[in-house]
Amino acid sequence: EDEDQFFMVLAQKGYKTTEAFEDNMREKGSELEAVRRELGKDKAFAIEKSFWKRKAEETLVATADTELNEVQLKEKRRLRSIRAAAEAKAKIMKIRDEEQNKKRMDLELKEKRKREDPDGYLAELQSERQSIVTRIKKRTVANASGSDRRSQASRQRMRLLAQQAGPGGDLTKKAKKSESDDFGTKDSDWDVYRDIRGIDSEEEVEEQERLRALESEIRSIDPTFEPEDEKLPRGAAKLYVVPPETDEFIIAVDRVRTPEIIWQPSLIGMDQCGLGEAIGLSFSSLNLTLGAPIGRSVIQEVFVTGGPSLSPGFTERVARELLMQIPEDVGRGSRVWQARDPVLDAWRGAALFARAQPERFGEACVGRAEYEEKGSDYLREHMCGNTYVPTPQVERLNPGKKKR
């Protein structure tokens, strides 16, 4: 049987006689010896050793587990893990090569389109850029509105916080022990976290990168292209000043953002209400119904003074915030007016006080010796100091409502 099998294999390999097979073996042996001499003894030995080792590993991996002992099984598992890692690496390299080939083909198609139809290609780039810019502007407006406590974005964040707080909004007392705290294990949980914190997502970062690439591509076709955000807006002569010297500091939108801190302290990281919300808190304790003349008289005349009130549109902003905080029927006829000289009016008032009541004015003044003796904290207690007085609780004149 072995002899018959031997001749069948020879026939399958294309050998007609055993002499032909032996001649071929001697020829291959001569070629092998020539290669060994060319490579050198040590290098040839290392290559042969690696070859037979690989053959032995392939034989071990192909052998069934039932035919192996414990040591061989352990070695087989190790070889499989190594081969799996090598195959994964090869797969990653293949995918990377395919992506590079795809990018190269896309670039070739892009260059071809640019040469054949530059106007159409430029229009497509500008259309894609405009869509990205529109999405970024909408997102910026939504994020900016979050600084207002009364905005829709702020209410949405508070709603998300309340939903994640658990039963009754109390994680420590009302939550059952059997409930597992698995928040954060899902990608959707991190989406909620981004919505609350306002963190840029990966999609937003990719949009910014794509926008820069589009603008660079558009400039390569149209050198005169200039993005809208880099153009000087209308009235730029009043906002933007080009300094004659290079060591001067250019003030641009700071002229607008600095007064806005009064209305949105969160711009500089202060967690407190702005002037508009403070106006609402001041009037919340007053009875502003039609039958309350005291509250209505207070709201009819609002006096604005101080240096910041000289900011353009400040008085109009106060009037608009005032109408947002009070009922429409009560706010009808109210007037917000500004001091003649908001910067020096306080000084002029003190001058009139000194002229009309010099003795009383002398008592109100603080001398150097008294200041050094009592310190700066004394000014808080002084009769003319800027002392904080809580808003008194005014009883609402509503007989149908019981006091709590």
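A residue counts as buried when its relative accessible area is under 20%, as exposed when that area is over 50%, and as partly exposed in between, using a 1.4 Å probe and protein chains only. By that rule, buried residues make up 17% of the 404 residues in the protein chain. This is a predicted model, in which local features need pLDDT of at least 70 and side-chain atom pairs count only at pLDDT 80 or more, while totals for chains, interfaces and linings use all residues. Residues are numbered from 1 along each chain as its sequence is written, and side-chain values use heavy atoms, with hydrogens and water left out.

The protein chain holds 18 helices and two strands. Helices (H or I, at least four residues) and strands (E, at least two) are DSSP runs, numbered from the N terminus. The chain exposes about 32,400 Å², and carbon and sulfur atoms supply 55% of that area; accessible areas come from the Shrake-Rupley method with a 1.4 Å probe. A contact means heavy atoms within 4.5 Å. Of the contacts with a separation of 6 or more, 48% are between residues 24 or more positions apart.

Helix α3 (residues 41–62) packs against helix α4 (residues 70–116) at an angle of about 105°, with the axes 9 Å apart. That makes α3 roughly perpendicular to α4, a term for angles of 65 to 115 degrees. The axes are lines fitted to C-alpha atoms over the stretch in contact, and angles run from 0 to 180 degrees between N-to-C directions. On the α3 side the contact involves E57, E58, L60 and V61, which meet Q72, E75, K76, L79, R80 and R83 in α4. By class, this contact has three nonpolar, one polar and six charged residues. Ala, Val, Leu, Ile, Met, Phe, Trp, Tyr, Cys and Pro count as nonpolar, Asp, Glu, Lys and Arg as charged, and the others, Gly among them, as polar.

Next comes Q126, which lies in helix α5 (residues 118–145). Q126 counts as partly exposed because its relative accessibility is 35%. Q126 and I218 are 92 residues apart in sequence, with 7.5 Å from C-alpha to C-alpha.

Further along, S309 sits in the loop between β1 (301–304) and α13 (314–325). Its relative accessible area is 3%, so S309 is buried. The S309 side chain reaches the backbone oxygen of G306 at 2.5 Å. Beyond its neighbours within four places in sequence, S309 is in contact with V304, F314, Q338 and P342.

T315 belongs to helix α13. T315 is buried because its relative accessible area is 16%. Neighbours within four places aside, T315 is in contact with V336 and Q338.

Definitions and conventions. A polar contact is a pair of N or O atoms within 3.5 Å; within protein, one must be able to donate a hydrogen and the other to accept it, and residues adjacent in sequence count only if both atoms are side-chain atoms. Angles under 35 degrees count as roughly parallel, over 145 as roughly antiparallel, 65 to 115 as roughly perpendicular and the rest as oblique.
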